[in-house]
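Subject: Structure for your files

Hello,

The structure is placed below, and my notes on it follow. Please read them with the model open.

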Amino acid sequence: MNEIKKVLPLIPLRGVTIFPYMVLHFDIGREKSILALEEAMYNDQKIFLIGQKDAKVEDPEAKDLYSIGTICSIKQKLILPGETVRVLVEGEERGRLINFVETDPFITAEIESIEESKCVENNKCEALVRSVKSSFDEYMKLSGNIPMEVMISLDDLDSPDRLSDVISSYLMLKQDTKQELLESFNVEERLEKLLSIIINEVDILKLEKKIGNKVKNRIDKSQKDYYLREQLKVIEEELGEEDEDKKEISAYKSKINKTKLPKNVKEKALNELERLRKSGSLSAEGGNIRTYLDWIIELPWNKMTEDNLDIAAAREILNEQHYGLEDVKERIIEYLAVKKMSNTIKGPILCLVGSPGVGKTSIAKSIAQALNRNFVRMSLGGVKDEAEIRGHRRTYVGSIPGRIIYSMKQAKSRNPLFLLDEIDKMSNDFRGDPADALLEVLDSEQNNTFRDHYLELDFDLSNVLFVTTANTLDTIPRPLLDRMEIIEVSGYTYEEKLHIAKDHLVKKQLKEHNLTENIINISDAAINFIIEGYTRESGVRGLERSIAAIIRKAVAEMVENNKKSMNISINHVKKYLGAVKYTFDKAEKEDRVGVVMGMAWTGYGGDTLPIEVSVMPGNGKLELTGQLGDVMKESAKAGYSYVRANSQKYEINPEFYKNKDLHIHVPEGAVPKDGPSAGVTMITALVSALSNTKVKHNVAMTGEITLTGRVLPIGGLKEKTLAAYRAGIDTVIIPKDNEKDLEKIPKSIKNKLEFITADNIDVVLKNALIKE
């Protein structure tokens, strides 16, 4: 390859690449470039044109330019207004930039002429030429921007290198790609690159054409549909028929007029109907308006059911479906009585709090039936978005009303019984706090104008009877709690569970298994055995599951042994349910020193809690074991301090704290225990152990203690008393202030126990210790 060096004026090009044999005109605006052009015109009209790597560089240096450019001859120069020159040039040959000779007042550079290598394999070269021509012909037809005369002129070219350069000049390519072709000195390599580029461009053009055809067809179809629709309108007008849009508008208007809507709601609906008429049925906005109108029409703005004010009938329904729950039943009867007298009372907002399975949700359904109201339930468990309550604004795509309005639509009346289940299970996140949205819903002074974000209309909730349920009040925000009337639903006694099982659960399970009491009969003793040995809960869900399991296993045995009926006894229960799962502590059969029977309340009801104190030689250390919580530990320390302060009163050596160690233990160490109600039990056990005085084995006690010996009230007395009775206790010592709670204890249990009330620890010790 021969290379000839020469010095020529240089013009850097921005975004333009010139190939040999290419004729091109372009505008020059930079002062140095204009002076370089003038210099070339004065000499032999030769100039070196080379591409700039970065078009933003105003005064490029050698490093800002590509290394390969084109030596061109200037054919024409035209001076334009605004100090711009238009020049027509023709590319002659490739050249390599060696270095700048001068940069001021214009750029001159040393250039090497590059002689390109010829084809070595003529057959391969010919094949490449034909392929390039064929592909370029397809490219021209697809692009439609290149005159067909160009193809004719290409047929006259017999030089592969010239053919490749001419075709490269007509392709719409990026500057980097064109520069790559310019820097290919080997003709065969250049033809291969060019062929690959043309084939890729053809594929892109085909895809563009395919997309364009699809869009055009859609546009044509839309225009055609519009034209036909307009023709149809004219035809229908001539025939006196309404079009579908008018029919739809008329139908909506008729529904709005028939539905007894409040004045402001009707005005809003008619405004939206006018918007629907103007926007057209096929628009996206039209679909949103139709959905909004459907919601307005279907909501029960003025529909109400008539309350059943027959108190006797209501009480009969409640008692028939639920055993116990007297506080809830009485509150509903009170509501009915007042409403019967005044007929203006607002619906109460009740909160039923109790352990799982005690019938909070099911009693709500019974209340709805007793009042002759529609029932609707909304579970709040896991709800963490405020929009779940109030809905989304209509500006959002796919927006809908909140679950309050959705439930009112389901209820089909504006005075249903609305159950908000698991109100203590709500949470919050970055989307807001649903508890805040419920503040308005559950406020009888505000909920007559409840406004959902989607509807943006006031909806009256003041006639709704809201009933909420919760397992605990600890997680309910205080402002929300303040708006509700709290009714505590305590756990069932064993006697109540027996009644519930006999009157409800067994019958329900027999019905579900398509059986009758004549086929399977479960004895009272068997039910009691299930309650005591296989369930430990406040409610009856576990009991129902156990009964269902017994019935299934009994049916299987009947089928296998061809039995027609079966009486379930305790032995059958053991056989079907296996070994007894739960046992209860029984009272000691003899009086002992340092062992006192306490009473505790747990999540599944009451339980007995024996407390043991052991005295041993030491240096006054107090040891507490049995996985006790902080409050219970503090009760033990308070009891220890009281005993130490009053040791002489109870005939205890005043120096015991110096030479005796005390160990207080509460059995069942794997079970966590806490609460202040074991205070009196601990003092009694300490006094008994330190004075070596026996404690009556048939006495159980409960109560919080102070450092002055006062006995303070506790909670869960009903459940604790039942546990004491179950353990064989016949005397129970309780705080004086809990005397009022004795009314809640079933008479059948209360009549079998002796209750002693105590306002100070001396009363407790007098009745618990055996003085010899």
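**Helix α8**

Helix α8 runs over residues 263-279, and its 17 residues reach 25 Å from the first C-alpha to the last, close to the 24 Å expected at 1.5 Å a residue. The expected span is 1.5 Å times one less than the number of residues. Helices (H or I, at least four residues) and strands (E, at least two) are DSSP runs, numbered from the N terminus.

This is a predicted model, in which local features need pLDDT of at least 70 and side-chain atom pairs count only at pLDDT 80 or more, while totals for chains, interfaces and linings use all residues. Residues are numbered from 1 along each chain as its sequence is written, and side-chain values use heavy atoms, with hydrogens and water left out.

Val265, Ala269, Glu272, Leu273 and Leu276 of α8 are buried. These residues lie on the same side of α8, because they cover an arc of only 105 degrees around the axis. The arc is taken from the directions from the helix axis to the C-beta atoms. On the face turned away from that buried side, α8 carries the exposed residues Lys263, Asn271 and Lys278. Buried means under 20% relative accessible area, exposed over 50%, and partly exposed in between (1.4 Å probe, protein chains only).

**Backbone**

Most residues other than glycine have a negative phi, and most peptide bonds are trans. Asp104 and Pro105 are joined by a cis peptide bond, with omega about 10 degrees; Pro105 is found in the loop between β5 (84-102) and β6 (108-114). Lys412 is not a glycine but has a positive phi of about 65 degrees. Lys412 sits in the loop between α14 (403-411) and β9 (417-421) and is exposed, at 63% relative accessible area. Asn514 also has a positive phi, near 60 degrees. Its place is the loop between α17 and β14 (520-522), and Asn514 is exposed at 70%.

**Salt bridges**

A salt bridge here is a side-chain nitrogen of Lys or Arg within 4 Å of a carboxyl oxygen of Asp or Glu. By this rule the count is 34.

- Arg96 pairs with Glu112, the closest N and O atoms being 3.6 Å apart. The pair links distant parts of the chain, Arg96 in strand β5 and Glu112 in strand β6, 16 residues apart. Arg96 is partly exposed at 24%, whereas Glu112 is buried at 10%.
- Glu192 pairs with Lys124 at 3.3 Å between the closest N and O atoms. This pair also links distant parts of the chain, from helix α6 (residues 187-239) to helix α2 (residues 122-143), 68 residues apart.
- Asp137 pairs with Lys141, the closest N and O atoms being 3.5 Å apart. The two are separated by about one helical turn, because they are 4 residues apart in helix α2.
- Arg393, Arg451, Glu456 and Asp458 are linked in a network of salt bridges.

**Second largest pocket**

The second largest pocket holds about 710 Å³ of space. Of its 25 lining residues, the closest to the centre are His322, Gly359, Ser362, Leu505 and Lys508. A pocket is an open set of points on a 1 Å grid over the protein atoms alone, where a 1.4 Å probe fits, with protein on both sides within 12 Å along at least five of seven lines; lining residues have an atom within 4 Å of a point. The volume is the space filled by probe spheres set on the points, which are joined across faces, edges and corners. α12 gives the most to the lining, with 5 residues.

Regards
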